[in-house]
Amino acid sequence: MRHEWGTRGLFRLARRYHRPVIRSWPLLAIPLIVGGLFAGCSPTPVSSKSSSLFPATSGNLPANVTSVTATLEPYNPQFANQGIPAEQVNFTVSSVTGYFSCKIDVVRSGRIVGTTTATMGPPSGGSGSVTETVPVEGIKGGTFAGNPSNAHVACRAT
């Protein structure tokens, strides 16, 4: 005996095996959009052609970048077998009377590719000016031959 399926029979069969399908793309899209807004909402500072001199304003100390050079920092044999690549930023800070902290950003093609913060003590001998050298490790895209406009230094008295 052969069973003939009519339109109603197929509909009943399809309804019997119908399972609701949860589409996951809306559930995934919302956190990605919100996370992207929080992760990438701050503007990237643009590299200037002039010297990196920051005027002193309410707690800020004037800083002038003198050079940016690629270097290899001494290595720790537990982590690497050669020197650690870094950009060495040399700068002078004026109007220093005590301890101060500096945020150093290394910039390439208008984007920050490395950053670090360093805290330093007052100048010796009563001078109001200090020359410092700070390595910035973890440069994205590798080290490069830089110039003073490739670093932004902002210092504050602590």
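Modeller: A residue is called buried when its relative accessible area is under 20%, exposed when it is over 50%, and partly exposed in between (1.4 Å probe, protein chains only). Buried residues make up 26% of the 158 residues in this protein. The model is predicted, so local features need pLDDT of at least 70 and side-chain atom pairs count only at pLDDT 80 or more, while totals for chains, interfaces and linings use all residues. Residues are numbered from 1 along each chain as its sequence is written, and side-chain values use heavy atoms, with hydrogens and water left out.

Helices (H or I, at least four residues) and strands (E, at least two) are DSSP runs, numbered from the N terminus. The protein has two helices and eight strands, and along the sequence they follow the pattern α-α-β-β-β-β-β-β-β-β.

The predictor gives each residue a pLDDT, its confidence from 0 to 100. The mean for the protein is 75, and 62% of its residues reach 70 or more. Over residues 40-57 the pLDDT stays under 50. Where pLDDT is low, the predicted coordinates should not be read in detail.

Next come the neighbours of the strand. Two strands pair if DSSP finds at least two bridges between them. β5 belongs to an open sheet of four strands in the order β2-β8-β5-β6, with antiparallel pairing. The edge strands are β2 (60-61) and β6 (111-120), each of which pairs on one side only. Strands of a sheet pair through backbone hydrogen bonds, either parallel or antiparallel.

S101 also lies in β5. Its relative accessible area is 18%, so S101 is buried. A contact means heavy atoms within 4.5 Å. Apart from its neighbours within four places in sequence, S101 is in contact with T117, A118, T119, A154, C155, R156 and T158.

The structure holds one disulfide, defined as a pair of cysteine sulfur atoms within 2.5 Å. C102 and C155 form it, with their sulfur atoms 2.0 Å apart. C102 is in β5 and C155 in strand β8 (residues 151-157), so the pair links distant parts of the chain, 53 residues apart. The torsion about their S-S bond is about 105°, so the disulfide is right-handed. C102 is buried because its relative accessible area is 0%, and C155 is buried because its value is 1%.

There are also charged side chains to consider. A salt bridge is a side-chain nitrogen of Lys or Arg within 4 Å of a carboxyl oxygen of Asp or Glu. By this rule the count is one. D105 forms the salt bridge with K103, and their closest N and O atoms are 3.2 Å apart. D105 counts as buried because its relative accessibility is 8%, whereas K103, at 43%, is partly exposed.
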